[in-house]
Amino acid sequence: MSTTPTVEQYYEQIRLALNSFDDPDWLGSQSPLAAPYFLGDWIDPTDLSAAGRGEALRQALRQAADHIWGDSLPTSRDELEEAVAAERRDVGNKGQRYAFLLLELRYFRRYFRPLLPPKASQEADIRDYLGVGRGPYFNHLKTARQMLGDALLTLTRPMLRLERPFQLRHKLIGRSDLKQQIMENLATGQAVALSGPSGVGKTSLAASVAHSWGNTAVFWYTLRPTINDQIDSLLFALGTFCHQHGASNLWRQLIADGGQISNRSLALGHLQADLHDLPHTPLLCFDELDSLQRLPEEMTILQKEWIELLGGLHQHCPLLFVGQQRVLPADHAYQLTSLHLNETETLLLNAGKQPQKPELQALQKYTGGNPRLLQLCRSLMNGATVTELMDELPAQPILHVIFERLWQKLPTGQRQVAQQLAVFANPAPTDGWSSNEQAALNQLADQHIAFLDAAGGVALLPLYRDLIYGDRQRLPAELADNCHLQAAVWRAERAEFTAAAHHLIAAGEEETAVTLWFSERQREIRRGQGPQALQLFAQLSQRRLAAEAGEKLALIRAELYDLLGQPAAGLRELDGPAWQTSAERQIEASRLKGKLQFETGALDEALSTYEQSFLLVSRLLREQAHLSHLRGKVFLRERTLNEAWQAGLQAQFHAQRLLAGVLDEKGDFETAVTHYLAGKATAEQLNDPASLARIQYDLALVHARQGKHEAALEYAQAASHTYRQLGDRFSQEKLNNFLTAIYLNMKAFDKVVAIGEPALRFFERAKLDYWASMTAANIAEAQYELQNYDLAEQRARQVLALEEAHSYPYALYTMGLIMRARGKLADAAVWLGQSQKVAQQNQDTYLEAYTWRALGETHAANQQTEAAQHAYHQAISLFTEMGIEEEVAKTQALLAEIS
């Protein structure tokens with residue numbers, strides 16, 4: 001058994017699978033990557049044979065290789081070789097297409113005939129064909145396998161393995177009528193709370209309801225404190241569930257945001273939309289909710305958040321809440337009671353026991369009809385009678401004492417499997433055990449000590465896990481460490497690195513856990529594992545780690561605190577280490593420190609941190625230049641300068657966009673466009689869709705502010721197309737807000753309302769006040785132009801109530817126009833005057849110009865010629881400054897009318 005779990009263990013499984021790629025039977029029977037636990041829905045449920053599972057893994061590996069290639073696959077060997085040769089001329093042997101070629105040559109052979117050279121089995125022929133030496137060839141092949149492993153994780157997403165209700169191995173006894181009633185309640189979209197004492201069968205009944213649901217859209221979540229009780233973990237699981245069943249708003253936003261819940265209100269808005277968009281009515285089941293039970297004055301913030309979130313789902317789909325006590329409001333609440341005497345008799349008869357009436361009554365009285373106690377007693381009976389069993393039982397029905405009697409009677413193999421299972425907080429992969437151990441697993445499941453799910457997972461019932469894991473007689477400390485290390489190996493082999501880190505920390509291998517997770521942290525964050533990882537690593541002390549591991553731990557925690565919106569906590573983490581073991585980590589820490597200082601408002605400190613980082617980077621660049629001179633030939637051959645060029649382009653893009661943004665805000669639109677176009681060209685060079693979408697959005701905005709509406713629409717449509725490809729719903733809605741502004745300027749007022757109202761509902765549902773106020777402001781102005789003054793005033797007052805600085809003066813402006821239209825000229829002048837002052841304070845030259853002109857029109861209508869002339873002159877000056885000639889001419893015409 002390995003005691004040092006590493007990332008390499010997963011890639012070793014990739015290597016072994018590729019070496020046996022042409023043997024589906026071996027893959028299905030030997031590779032953990034072919035198990036349902038890892039492949040999940042990739043496996044055909046109608047063919048669960050070893051060969052069927054092996055073939056599913058073969059298909060997944062081929063698709064992962066196609067993912068490495070990127071765009072349309074080559075149609076022939078000649079096309080493949082030509083594309084790879086072009087890539088090697090640009091980036092040497094570091095490109096994705098070269099990796100694809102290596103995998104094809106060595107394993108897949110879709111473009112190369114088996115018997116023609118270079119043959120897969122003749123590595124010397126492959127090296128000659130590629131023109132590389134033996135050492136570089138094996139390094140390149142290893143890199144290609146790692147790229148394939150990464151692509152396979154992207155496709156299968158095993159870390160997003162959702163919990164399933166456990167499989168019932170026996171017929172449910174005595175609950176048929178109640179189950180039918182619960183099913184009828186849920187079918188009408190209601191919430192049901194199922195409660196009762198421990199062991200009474202709540203989870204079994206809930207699992208039976210879940211298995212009987214009319215479709216496969218069943219979500220099951222067992223609340224485990226410190227393991228999965230973070231709100232963001234639940235949202236990530238729900239986003240995955242909805243995505244798997246056909247609604248992907250939340251999922252796409254999670255992917256676009258790199259696995260972060262950057263705005264919980266927005267995430268909830270997406271989730272609610274997804275639940276309504278699913279093609280089939282979902283059922284959401286939540287088990288073990290007892291940790292939410294507290295007196296109101298003792299309730300933690302986390303508990304309140306859970307109760308608010310679960311309560312908020314009530315209007316969107318049927319819900320089933322399970323716990324010993326009723327915690328949440330529900331339409332129907334059922335208290336589960338113990339089994340009646342005749343039901344107890346049925347339970348024993350199903351197990352092949354035929355007790356006499358007095359024996360049955362004695363057992364019923366002793367257990368109180370509690371199904372869990374009855375199951376324990378049934379297992380203890382073995383070949384004995386009920387009377388003989390009763391003589392062995394303690395005087396009082398104390399569950400842990402009865403379990404101890406059973407524990408002593410369990411065969412050694414079952415005890416060993418139960419000990420290993422006890423260290424798993426979440427279901428373990430069933431394929432990790434040998435065939436003999438598999439038999440023991442099934443025997444434990446038959447005795448209701450363990451349960452199997454439908455996705456290749458197995459776990460102990462929580463009560464039995466606590467009885468085993470918390471007792472050093474049943475699970476000695478040394479054995480617990482070994483079990484945790486074995487669990488860590490299984491998790492690492494299946495790329496479950498956060499779970500592997502949990503087991504390593506539990507086994508006392510803190511440095512190994514830090515090193516393992518640090519190398520995979522970005523991928524784990526994208527999979528939504530950040531909140532859980534922070535709970536793991538927050539308990540570690542840097543003082544107990546070597547300097548290098550301490551620095552990695554500090555960076556891990558600082559990044560995770562930043563991810564969760566706690567920049568001050570992140571800064572505290574970065575202030576601890578000396579940052580002397582790695583210049584790369586020192587730069588990384590400085591960059592993050594500057595970001596966190598900026599977010600906390602410490603702008604001077606952020607500038608100082610960045611300046612220190614620049615000094616360090618400059619020194620390293622000088623060293624790099626010197627090495628480049630000494631090793632020029634190697635650089636030219638390997639073409640590693642391409643990576644530096646890409647980094648330079650990234651820096652250039654951000655600088656161009658920043659400069660353009662400053663000029664845009666100042667009203668120097670023409671110069672801003674020049675910088676934006678330069679940034680667009682850089683984004684296209686980088687082949688970065690997200691950056692390209694941002695710059696297209698910027699260009700649309702600046703053209704709209706110049707009154708160039710056709711150009712603005714062209715860039716907006718390009719940005720919208722890119723955001724759709726990225727799955728970024730939030731940015732799409734922001735773009736809809738912007739389109740309302742364009743159509744407002746184009747006087748297409750009906751389109752403003754048609755696009756704006758759905759966008760406004762989205763922002764309101766997500767509680768995004770800034771964007772809601774911006775959209776409502778545009779709708780208000782459009783309704784004014786459509787002469788719907790009451791609707792216009794309603795939206796304008798909504799903006800004023802939100803008190804968002806940017807949109808506030810726009811609502812004041814619209815209120816002024818409404819008052820003028822109603823003939824209330826004095827009131828109109830007051831509203832417009834306030835709008836002009838706030839716009840000036842905000843340095844919003846664009847709005848200020850229009851407000852001055854509206855003031856001029858109001859004064860003119862009120863026969864205040866001098867005030868009107870002054871206002872028109874102010875507007876002309878500002879329109880001229882911005883270069884909007886059309887508006888200059890229009891204002892000059894108004895001035896001429898009163899001169």
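Trainee: With which residue does Arg795 form a salt bridge?
Mentor: The model is a predicted one, and in it the closest N and O atoms of the pair are 2.9 Å apart, which falls within the 4 Å that defines a salt bridge. Arg795 sits in helix H40 (residues 789–802) and its partner in helix H38 (residues 749–765), so that distant parts of the chain, 38 residues apart, are linked. The partner of Arg795 is Glu757.

Trainee: Is Glu757 buried or exposed?
Mentor: The relative accessibility of Glu757 is 16%, and since the cut-off for a buried residue is under 20%, Glu757 counts as buried. Arg795, also at 16% relative accessibility, is likewise classed as buried. The answer for Glu757 is therefore buried.

Trainee: Which helix holds both Arg797 and Glu793?
Mentor: The side chains of Arg797 and Glu793 meet in a salt bridge, at 2.8 Å from N to O. Arg797 is partly exposed, with a relative accessible area of 39%, whereas Glu793 is buried at 16%. They lie four residues apart, about one turn of the helix, and that helix is H40.

Trainee: How many residues apart in sequence are the parts that Lys595 and Asp562 tie together?
Mentor: The side chains of these two residues, Lys595 and Asp562, meet in a salt bridge of 2.7 Å, N to O. Lys595 lies in helix H30 (residues 583–599) and Asp562 in helix H28 (residues 547–563), so the pair ties together parts whose separation in sequence is 33 residues.

Methods:
Residues numbered from 1 in each chain as written. Predicted model: local features only at pLDDT ≥ 70, side-chain atom pairs only at ≥ 80, totals over all residues. Heavy atoms only, no water. Helix = DSSP H or I, 4+ residues; strand = E, 2+ residues; numbered from the N terminus. Buried < 20%, exposed > 50% of the residue type's maximum accessible area, 1.4 Å probe, protein only.
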